[in-house]
Amino acid sequence: METRNPTVRQWIDEMAALTKPDQIVWIDGSREQKDELTAEAMSTGELLPMNQERWPGCVYHRTAVNDVARVEHRTFICAPSKEEAGPTNNWMDPAEMYEKLYALYDGSMQGRTMYVIPYIMGPVGSPFSKVGVELTDSIYVVLNMLIMTRVGDVAWKQLGDTSNDWVRGLHGKKDIDEENRYIVHFPQDNTIMSVNSGYGGNVLLGKKCFALRIASNLARNEGWMAEHMLILGVENVETGETRYVTGAFPSACGKTNLAMLIPPAYAKGYKVYTVGDDIAWMRVMDDGRLWAINPEAGFFGVAPGTSMKSNPNALLTTKANTIFTNVALTEDGDPWWEGMGVPAPARALDWKGNPWTPESTQKAANPNSRFTAPAAQCPSISPHWEDPAGVPITAILFGGRRAKTAPLVYEAFDWNHGVFIGAAMASETTAAASGAVGVVRRDPMAMLPFCGYNMGDYFRHWIDMGRKIEHKPRIFNVNWFQLDENGRFAWPGFGDNFRVIEWILKRCAGEVDAVESPIGYLPKPEDIVLDGLEDFDIEDLKKLLVVDREIWEDEMDGIAEHLAKFERLPNELSEQLAALRERFAKA
Ligand code: OXD
Ligand code: MN
């Protein structure tokens, strides 16, 4: 079905006149069309077949070797002024950028097909949801969008015949030329333009580009929140009550693992449900609570390290109807990656398509290789994951990879203190973004690469939201990544992170006390259940709850330096830093 909506038709006409495709195909979300496109991509080699007996409905794709991650240095927020984009975003004058991009797109789809993908971010019919249209010359993008969003006639229906309230997205593969790769957002026009890439985060425009960068703008203007957060539910089986938690962690800190965790054996009285693994849209509802939806319909997860031990739910989700990108492909048509927990294949093709054996010195899978899998297939998916009303949030977690500084968990004194903790968040860089690995960087609310406007104003928006939410979620910082004297992870992590979540929920329910420290409320060690842990006792736990004054002196200097970058920093956050210094001075 096509739409009659003149605002859509006019834009498609303009973009087609610019890119000059041989033909235009409207994506309707049907099974038949998906199968046809899959067959076509197989015939050209864009997709490779996999073992359909063991991996039914799964396909394999390799990106170009120069195109394996998001490119933050080529990502722009072209707001009307540099000031509006703020100190953390690349900016160029919108008119100048449009001119540059139009020159790149000119005729770029000659000999190709332009696909029109209408899609919804959010459950169908939800007041949280928003419509987007992505134009692309990539079947791979179409097939990914079919998994990651709600595609087709449902979107036209939701948009209606006249509304101009939709997000425009133009993606052209062009030549995958790194030097001319641009991922550009024009928030004032609700428009995204991506050129010269074929990699996930750069080209699945509903995800980071729309659901975070453009949506964060819409959210600020409309009084809601678009955040880089997982959403999970914990059901107390006895009472039947489920409490929901969101968590912001920088890329590749285990958000997907946490969202799908399986509680340890002692916690038989609980069930953990996955609502989302990457993005949360949140609104204050009539009951004065903050409610969240997952705007996505699938998971675009990092494959390496995903195993039946680290994340069985993720692995089981990928068993069918999944697109594997840049993993290794075995002779038998199975996917394989480092840390998959199964023996390396005797022979495979690596992510570049070269022959690979266990003796090879190169990695078989790219460290940022991915699976695109339907959320509905996740064994732990929440019965409410598509609830148009969303789920009510009890606690918000912040966290990153800190070898020493941050204790296992601590609670903010109040909302503004929590915003300060989020604003000061830091982590070591990983392979999810191109660039150096292992460098510590501040990543406020894990939104540094995703905040679509001035981050000082974003902090202000967080503080303002606190005033609007009558029943505020409590805010916690967690750190699963402390290292011991030997440089090994000191906390078991993975499913055992549930022990910390349990403490957090007990805190929110008023069931446990805490110890006041300069940085926030710390657990009493005896309140975190350690039953069933091998080689880890309360003495080990105590070491993870230490607040080291010397380290924190440095940390406070680091935070001060970081916050000084924001000309529009809300006073409330400078006050929080001063209060933190004072608490240390008094301690
Ligand atoms: C992601 C990321 O792909 O944050 O989710 O990089
Ligand atoms: Mn992410």
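Where does Lys174 lie? Select this residue to begin, and you will find Lys174 in the loop between strand E8 (166-172) and strand E9 (182-186), where helices (H or I, at least four residues) and strands (E, at least two) are DSSP runs, numbered from the N terminus. The model is a predicted one, in which local features need pLDDT of at least 70 and side-chain atom pairs count only at pLDDT 80 or more, whereas totals for chains, interfaces and linings use all residues. Residues are numbered from 1 along each chain as its sequence is written, chains are lettered from A and ligands numbered from 1 in the order in which they are written, and side-chain values use heavy atoms, with hydrogens and water left out.

With a relative accessibility of 21%, Lys174 counts as partly exposed; buried means under 20% relative accessible area, exposed over 50%, and partly exposed in between (1.4 Å probe, protein chains only). Next select Asn196, in the loop between strand E10 (191-195) and helix H7 (200-203). Asn196 is not a glycine either, yet has a positive phi of about 75°, and Asn196 is buried, its relative accessible area being 0%.

**Ligand 1**

Now centre the view on ligand 1 and display the eight residues around it, of which Arg70, Lys208, Ser251, Asp278 and Arg370 come nearest; a residue is near a molecule if one of its heavy atoms lies within 4 Å of it. By class, this shell has two nonpolar, two polar and four charged residues (Ala, Val, Leu, Ile, Met, Phe, Trp, Tyr, Cys and Pro count as nonpolar, Asp, Glu, Lys and Arg as charged, and the others, Gly among them, as polar).

An N or O atom in the side chain of Ser251 is 2.6 Å from an oxygen atom of ligand 1, a polar side-chain atom of Arg370 lies 2.9 Å from an oxygen atom of the ligand, and for the side chain of Asp278 the corresponding N or O atom is 3.2 Å from a ligand oxygen. Taken alone, ligand 1 exposes 210 Å², and the protein buries 91% of that, with accessible areas from the Shrake-Rupley method and a 1.4 Å probe.

Move on to Ser129, in the loop between strand E5 (113-121) and strand E6 (130-136). Ser129 is buried, at 11% relative accessible area, and a polar atom of its side chain lies 2.6 Å from the backbone oxygen of Pro123.

Then select Thr246 in strand E13 (residues 241-248), which is buried at 0% relative accessibility.

**Helix H16**

End at helix H16 (residues 571-586), whose 16 residues reach 22 Å from the first C-alpha to the last, close to the 22 Å expected at 1.5 Å a residue; the expected span is 1.5 Å times one less than the number of residues. Colour Glu572, Leu573, Gln576, Leu577, Leu580 and Phe584, the residues of H16 that are buried. Looking down the axis, you will see that these buried residues fall within an arc of 145°, so they line one face of H16, the arc being that of the directions from the helix axis to the C-beta atoms. The face turned away from the buried side of H16 carries the exposed residues Asn571, Glu575, Ala585 and Lys586.

Key. A polar contact is a pair of N or O atoms within 3.5 Å; within protein, one must be able to donate a hydrogen and the other to accept it, and residues adjacent in sequence count only if both atoms are side-chain atoms.
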